[in-house]
Amino acid sequence: MYDRILLPTDAEAGTELATQHAIAVAEHTGAELHLLYVVDSDVYDSYSGDEYVHEFEGLEAALEQIGEDALGTAAEAAHEAGLEPTTVVRRGRPHEEILAYADEADVDLLVMGSTERPGEYRQLLGSVTDRVARLASRPVTIVKTPVDESA
């Protein structure tokens with residue numbers, strides 16, 4: 001049913017369940033697993049101006065390192081399951097890059113994590129997962145992780 005599965009990760013807490021799900025589906029179907037991290041251009045583009053040159057370079061490098069670490073963790077879990085994932089880091093607006101990569105790699109399924117937040121919080125901020133699910137032309141599985149409100 002699935003030949004290629006895409007798991008975008010944002011290196012946030014709660015992505016473990018989505019990672020486990022994507023790996024399980026890839027194992028079950030024999031699909032290729034693609035792991036993607038997008039360095040959010042909106043984050044580092046907000047630091048324009050000469051006084052921020054050094055911080056900008058440091059911020060972009062730090063975001064890329066966070067992504068490499070997140071991909072490494074997900075790839076390690078995939079390797080333990082006997083999979084050989086493809087890992088990719090991109091720069092841009094996350095939902096746009098996720099959708100573009102899904103088209104380029106011709107994936108059959110996107111598996112995305114989502115942290116369950118109160119309704120008002122989600123309405124104010126939205127999420128990359130929401131945008132991808134609305135705009136994708138292929139199936140999207142959303143794996144929800146509850147937030148411990150006491151933490």
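Biologist: Which residue is the bridge partner of Ser114 in β5?
Modeller: That is Lys144. Keep in mind that this is a predicted model.

Biologist: How many bridges link β4 and β5, and in which sense do they pair?
Modeller: There are 7 bridges, and the pairing is parallel. Strand β4 covers residues 109-116.

Biologist: What is the strand order in the sheet?
Modeller: The order is β3-β2-β1-β4-β5. Those 5 strands make an open sheet with parallel pairing.

Biologist: Which strands sit at the edges?
Modeller: β3, residues 86-92, and β5, residues 140-146. Each of them pairs on one side only.

Biologist: By what angle are neighbouring strands turned against each other?
Modeller: On average by 25 degrees, ignoring direction.

Biologist: Now helices. Which strands does α1 lie across?
Modeller: Helix α1, residues 15-29, lies across β1, β2, β4 and β5. Its angle to β1 is about 170 degrees.

Biologist: And which strands does α4 lie across?
Modeller: Helix α4 spans residues 94-104 and lies across β1, β2, β3 and β4. It runs at about 135 degrees to β3.

Biologist: New topic: where is Leu135 found?
Modeller: In helix α6, residues 128-135.

Biologist: Is Leu135 buried or exposed, and why?
Modeller: Exposed, because its relative accessibility is 52% and the cut-off for exposed is over 50%.

Biologist: What does Leu135 touch, leaving out residues up to four places away in sequence?
Modeller: His95 and Leu99. Leu99 is 36 residues from Leu135 along the chain, yet their C-alpha atoms are 8.0 Å apart.

How values were computed. Residues are numbered from 1 along each chain as its sequence is written. This is a predicted model: local features need pLDDT of at least 70, side-chain atom pairs count only at pLDDT 80 or more; totals for chains, interfaces and linings use all residues. Side-chain values use heavy atoms; hydrogens and water are left out. Two strands pair if DSSP finds at least two bridges between them. Helices (H or I, at least four residues) and strands (E, at least two) are DSSP runs, numbered from the N terminus. Axes are lines fitted to C-alpha atoms, for helices over the stretch in contact, and angles run from 0 to 180 degrees between N-to-C directions. Contact means heavy atoms within 4.5 Å. Buried means under 20% relative accessible area, exposed over 50%, partly exposed in between (1.4 Å probe, protein chains only).
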